[in-house]
Amino acid sequence: MIKIKHLNGKFSWMCSLLLLAFCSSSSAQTNPPTIYLTTEYLYPLNIVDKDGAHIYGQSADKLHELFKRSELPYQMNIMSWSRAFKLARRNPNTCVFSTARIKERESWFHWIGPIASGNWAVFGSPEKLGKVTRLEDIKNASIGTEEGNVSVSYLSERGFNIVTSIESSTTFKNVALGRIDYATAGDTHGKKIIAENQLEGKVVFLFNYQSSDYYLACHPKMRAETIALLNAKLREMKADGTYKNIDLKY
C-alpha cells in the first residue's frame, strides 16, 4: 500500500494537480476529435435541402450511418468542390467526398470506400445528339467542367481544351448560350442540372466516356486506427445490406 504524507497541504496540492493532468490526458485519449466532412452538391450522391440544414444522398446517407456506427463525432458541410477539396488537403481531421480515386491523388489522402460509383458524361446542344458519340469527336472543341473536378486532369492529359467554372450550373448555362461547346459532369448530376435550370431543349446528354468509384478521402495525418475503423464499419454495412438499401432510395 502506498502511504501519502501531508506536509502543510503542499503535497496534497501537488497530488491534485497531477491527478487533474492525468484525467485531462485520459479524457483527450478517450474523446476523439471531431472529423469535418466537406462535399459539393452532386446529385444523387450529395444533396442539400432548401434551407441548407441537411445533407443527404447516396454517399451522404452512408456516411451518416458510418459515423453513427463508428461512434465518431463529425460535422458535414457543403460548398464548392474546389474549396471542399482544398480544405481536406490542408486540414488534419478533415475528409472530402465523393472523391474519385485516381493515381495523382493516391498519396494525398487516406481512402475509405468505395461509397458510391457513377459515370462521367458529355452534354451538348440538341443538334449534336446522335452525331457526337465519343471523345474523339470533340478533340478540338471547348469542354466545360467544374474547377477541381477529376475530369480536368483526365481530359487535359489527353489534350482536350478545358474551361472551368466554380459551379456546374454555370458550365451548363454557358453551353446553352453557345459560349462553350460541351459540358462534362456525372451523367445523373448533369441531367439534374439541366432540369433545375430549365435548360431542356438547349442542353442534352450525349454520351458516357468513363466510370468511377467514389470514396471518402481523408487528410494523411488522420490516425490509422480511425481509417481502419471506418473501413471496417463500411464493410459491415455492405454485409448487412444497409449499403445497398441506401442506393435503392435514390
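Good morning. Contact here means heavy atoms within 4.5 Å, and helices (H or I, at least four residues) and strands (E, at least two) are DSSP runs, numbered from the N terminus.

Before I continue, a word on the source. This is a predicted model, in which local features need pLDDT of at least 70 and side-chain atom pairs count only at pLDDT 80 or more, while totals for chains, interfaces and linings use all residues. Residues are numbered from 1 along each chain as its sequence is written, and side-chain values use heavy atoms, with hydrogens and water left out.

Which residues of helix 3 are buried? In this helix, residues 81–90, they are Trp81, Ser82, Ala84, Phe85 and Ala88. Buried means under 20% relative accessible area, exposed over 50%, and partly exposed in between, with a 1.4 Å probe and protein chains only. Viewed down the axis of helix 3, the buried residues fall within an arc of 165°, so they line one face of the helix. That arc is taken from the directions from the helix axis to the C-beta atoms. As background, an α-helix has 3.6 residues a turn, so residues three or four places apart point the same way.

Eight strands form an open sheet in the order 4-1-5-10-6-9-7-8, with mixed pairing; two strands pair if DSSP finds at least two bridges between them. At the edges stand strand 4 (74–78) and strand 8 (161–165), each pairing on one side only. On average, neighbouring strands of this sheet are turned by 30° against each other, direction ignored. Strand 7 and strand 8 run parallel and are joined by five bridges.

Helix 3 packs on the sheet, and its direction makes about 130° with that of strand 5. Axes are lines fitted to C-alpha atoms, for helices over the stretch in contact, and angles run from 0 to 180 degrees between N-to-C directions.

Finally, the disulfide, defined as a pair of cysteine sulfur atoms within 2.5 Å. By this rule there is one disulfide, and it joins Cys95 to Cys218, with S to S at 2.1 Å. The link of Cys95 and Cys218 is right-handed, with 100° about the S-S bond. Cys95 lies in strand 5 and Cys218 in strand 10, so the pair ties together parts that are 123 residues apart in sequence. Cys95 counts as buried, at 0% relative accessibility, and Cys218 is buried with a relative accessible area of 0%. Thank you.
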